[in-house]
Amino acid sequence: MTNDYFQRGIAAVNAGDLEHGVRCFELAVKQQAGEAEPLAYLGQTLFWLDRQQQGLACLRQAGQCLLKRAKKTKNFAEINALAAQLQDCHDYEGSIHLLQQAAALRKPDALSLQLLAQAYERTNRIAMALAAARLGVSLAPNQPALHVLLAGLEAKHGDLSAARQRLHRLLADEQALPGEIVYRAHKELALVLDKQGEYAAAFDQLQTAAAIGRQLPEWQAFDKRQIPQMLADYRDRLQRGASPANPVEEIAPDEPAPVFIVGFLRSGTTLVQEVVAAHSGVFVADETELAAALRLELNRMAGPQGTVFDQLERVGADGIRRLRRCYWHKAEQRYGAVVKQKLFVDKTTLNTLELGLLDAVFPDAKLIFVQRDPRDVCLSCFMQTLQASAVSVHLLDWRDTQRLYLEVMRWWLFVKPRLRMACCELRYEAAVTEFAVTFQALFAFLGLIWQQDVTEFHRQTAKRVIASPSYHQVSQPLYRSALGRWHRYPEAFAACDEDFSTLIAELGYR
């Protein structure tokens with residue numbers, strides 16, 4: 001019967017009924033005490049339902065069950081799999097603890113060391129990550145993924161020559177390597193060359209990596225027309241008079257309004273997030289799916305037809321109040337009661353695309369829009385190694401990177417005067433060069449008293465897991481080397497599209 005509950009849970013999850021899956025897995029856990037599989041499935045399903053704290057607790061408990069089993073069976077492969085699962089759920093500390101416990105029972109293998117190095121890196125323990133990766137390479141010298149990981153860590157540790165040599169050796173026979181490994185290796189080599197001042201060679205490596213990435217199946221699955229078309233539809237619908245014109249007092253029940261931090265990728269939103277998070281009166285949610293949850297709920301309520309503005313008109317003020325309750329319910333599920341005990345800040349950079357929906361549901365919210373020199377933004381985006389998505393697929397071509405930035409910023413300039421939310425625009429350059437003045441004004445906008453401790457934000461950041469690729473940069477004191485970085489790549493910007501050049505001037509950059 002226990003196995004029946006377990007199988008029913010799997011069937012429910014496969015059918016998309018996660019709530020029923022949870023109920024089945026809970027019954028399986030009760031009747032099959034001490035077994036890891038029902039706990040692991042329950043934990044993952046809870047995590048997917050945004051009940052993250054409960055989900056991670058179950059996953060960690062499943063890890064302890066696997067440790068007990070491994071003491072008898074000497075099979076540690078399942079522990080590595082669960083450690084990887086914890087990392088997929090951003091529980092790097094849980095993954096480290098599990099792998100360390102396993103290492104006390106037997107000599108670690110190359111995969112466990114790779115996982116340990118990844119977790120140490122994501123928690124900014126670079127020296128420890130480097131030691132784990134080196135040991136992993138010594139055990140599995142023919143494992144290319146480990147060499148790419150080690151090269152990246154060597155570069156972060158300042159050993160650029162070793163990283164460069166390692167990547168050159170790896171790429172000497174790139175035809176024998178998986179495409180994903182070749183893509184990542186060229187990206188890492190570009191970053192090394194950039195740090196060594198060989199900018200033309202670095203850009204050549206970026207172009208090579210992009211061409212390889214475009215051939216990978218996981219990237220080809222995304223349609224580059226999706227986001228530009230969606231934004232064009234939004235603009236058209238608003239120009240034809242669509243507006244969720246319900247007064248603020250009619251929409252807002254007893255629920256508070258969050259603060260949103262948005263912008264474009266690599267524009268400085270993570271820096272702003274971490275400075276704000278250093279204030280004792282603030283809780284920051286980093287790259288959440290809360291707006292995505294609103295979209296799903298709106299689709300369920302109104303049907304998927306039309307733009308978000310058509311859907312909002314169909315559900316009316318009652319539907320908007322329901323969406324507002326849905327947002328806070330999801331936030332409390334994920335983070336607990338703290339979301340209403342402090343000023344709740346939702347930093348999800350590309351919620352810029354969802355400003356029409358967010359303004360309808362939270363017209364009384366405050367919005368922080370972070371802006372950076374478009375050339376520095378595009379260059380930094382092109383340098384990143386990102387997961388395949390409807391957004392990042394644009395970053396596999398240098399011109400497409402500029403075009404996506406242009407589309408998103410055109411949308412921002414179009415929608416900004418139509419927003420009811422109070423808005424503060426903040427420039428990354430000012431945040432770096434005039435830190436105190438810039439952030440004193442920002443905290444005043446948020447209605448918070450300035451705290452001197454926020455100037456040491458990086459000390460707190462080093463202890464936190466940051467979802468953004470900027471996690472390593474924001475754990476350091478402020479630096480200015482990223483300002484005007486585009487000047488090192490004059491050939492890349494020698495023939496910008498006319499519209500891109502016009503936007504640069506329109507945003508106030510020379």
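## A tour of salt bridges and rings

Select Glu154 to begin: its relative accessibility is 3%, so Glu154 counts as buried (buried means under 20% relative accessible area, exposed over 50%, partly exposed in between, with a 1.4 Å probe and protein chains only). The model is predicted, with local features needing pLDDT of at least 70 and side-chain atom pairs pLDDT 80 or more, while totals for chains, interfaces and linings use all residues. Residues are numbered from 1 along each chain as its sequence is written, and side-chain values use heavy atoms, leaving out hydrogens and water.

Arg166 and Glu154 form a salt bridge, with the closest N and O atoms 3.0 Å apart (a side-chain nitrogen of Lys or Arg within 4 Å of a carboxyl oxygen of Asp or Glu). Glu154 belongs to helix H9 (residues 144-156) and Arg166 to helix H10 (residues 160-171), so the bridge ties together parts 12 residues apart in sequence. Helices here are DSSP runs of H or I with at least four residues, and strands are runs of E with at least two, numbered from the N terminus.

Next, select Arg485 and Asp194, whose side chains meet in a salt bridge at 2.7 Å, N to O. Arg485 is in the loop between helix H24 (457-461) and H25, and Asp194 is in helix H11 (residues 179-195), so this pair joins parts 291 residues apart in sequence. Both residues are buried.

Move to Asp397 and Arg214, a salt bridge at 3.9 Å, N to O. Asp397 is partly exposed at 24%, and Arg214 is partly exposed at 33%. For a network of salt bridges, select Glu35, Glu37, Arg69 and Glu78. The whole structure holds 32 salt bridges.

Now turn to the rings. There are 29 aromatic pairs (rings of Phe, Tyr and Trp, the last by its six-membered ring, with centres within 6.5 Å; planes under 30 degrees apart are stacked, over 60 edge-to-face, the rest tilted). Select Tyr405 and Phe500: the ring centres are 6.3 Å apart and the planes at 70°, so the pair is edge-to-face. Tyr405 is in helix H21 (residues 398-415) and Phe500 in helix H25 (residues 498-506), 95 residues apart. Tyr405 is buried at 1%, and Phe500 is buried at 1%.

One aromatic cluster consists of Tyr199, Phe203, Phe382, Trp398, Trp486, Tyr489 and Phe493.

Finish with Arg372, whose charged end sits over the ring of Tyr428, 4.7 Å from its centre (NZ of Lys or CZ of Arg within 6 Å of the ring centre and within 35 degrees of the ring normal).
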